[in-house]
Amino acid sequence: MALVQVEDLHRVFPMGSEVVVHALNGVNLSVEEGEILGLMGPSGSGKSTLLHLLGGLDRPSAGRIWVRGEDITQLDENALARYRRKQVGFVFQTFNLVPTMTALENVEFPMIFAGVPPTMRRARAQAALEMVGLGDRASHRPTELSGGQQQRVAIARALVNQPAIVLADEPTGNLDSRTGAEVMDLLARLNREQGRTIIIVSHDPKVAQYAHRCMHLLDGAIVDSEQ
């Protein structure tokens with residue numbers, strides 16, 4: 001069974017009394033355990049909407065999403081929050097680090113909501129920072145780190161609860177090409193070494209080189225898929 005299975009997914013956004021935007025139009029896809037899947041397409045194609053639905057940040061207008069055999073579209077809000085905490089790690093274009101917290105504290109943050117004891121939180125956060133090459137930057141705040149280092153902290157934070165899936169929304173979008181390549185090299189290494197399943201949204205064709213498979217979206221529909 002696929003790790004993620006999506007069936008006839010639709011997302012409609014009302015934009016006034018008579019106007020609706022069809023962000024997704026009947027998307028079907030499956031993602032295997034240990035796969036890097038690239039969701040490619042221009043702005044407005046629906047790829048970020050799809051990522052938000054997979055991550056439980058939004059609900060579809062119609063269709064079903066199964067993750068490890070569980071239909072997350074049928075979960076209530078509390079169960080959906082647990083799903084986000086335990087099964088999903090998020091990496092955003094804008095890093096989304098808390099500026100008043102150190103790198104270590106930022107990585108610890110999701111473990112607070114997962115109920116991990118403080119001593120274990122600190123040890124796991126330090127290990128995650130070392131895994132992304134930032135063990136010596138644990139006490140630095142985001143403003144004391146480069147963009148690439150901030151994204152590495154965000155990746156450590158995404159992985160620290162050992163999620164089933166890492167969802168990366170334009171992870172290189174705010175980085176120069178060299179730093180972006182370093183971040184993608186890191187994600188590819190984590191996939192190889194840990195078998196981590198990663199779904200990456202991007203409009204950058206360079207990102208596609210790192211994916212095992214790419215799906216291209218246009219106007220809310222998958223228009224082609226390539227290995």
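Start at aspartate 71: this residue is buried, with a relative accessible area of 10%. Keep in mind that the model is predicted.

Arginine 64 and aspartate 71 form a salt bridge, and their closest N and O atoms are 2.5 Å apart. The arginine 64 end counts as partly exposed, at 33% relative accessibility.

How many salt bridges does the structure hold? There are 10. Two further pairs come next.

Select aspartate 136 and arginine 137. A salt bridge links them, with 3.1 Å between the closest N and O atoms. Aspartate 136 is exposed because its relative accessible area is 55%, and the cut-off is over 50%. Arginine 137 counts as partly exposed, at 28%.

Go to helix α6, residues 177-194. Pick arginine 189 and glutamate 193, which lie four residues apart, about one turn of the helix. Their side chains meet in a salt bridge of 3.2 Å, N to O. Arginine 189 is partly exposed at 25% relative accessibility. Glutamate 193 is exposed at 58%.

Next, select Glu108, Arg121 and Arg122. Salt bridges with shared partners join these residues into one network.

Last stop: the surface around methionine 15. Where does methionine 15 sit? Its place is the loop between β1 (4-14) and β2 (20-31). At 56% relative accessibility, methionine 15 counts as exposed. With Met15, they make a nonpolar surface patch of about 270 Å².

How values were computed: Residues numbered from 1 in each chain as written. Predicted model: local features only at pLDDT ≥ 70, side-chain atom pairs only at ≥ 80, totals over all residues. Heavy atoms only, no water. Patch = residues over 30% accessible without salt bridge, like charges linked within 9 Å, V, L, I, M, F, W, Y side chains within 5 Å. Areas by Shrake-Rupley, 256 points an atom, 1.4 Å probe, with all protein chains shown as cover. Salt bridge = Lys/Arg side-chain N within 4 Å of Asp/Glu carboxyl O. Helix = DSSP H or I, 4+ residues; strand = E, 2+ residues; numbered from the N terminus. Buried < 20%, exposed > 50% of the residue type's maximum accessible area, 1.4 Å probe, protein only.
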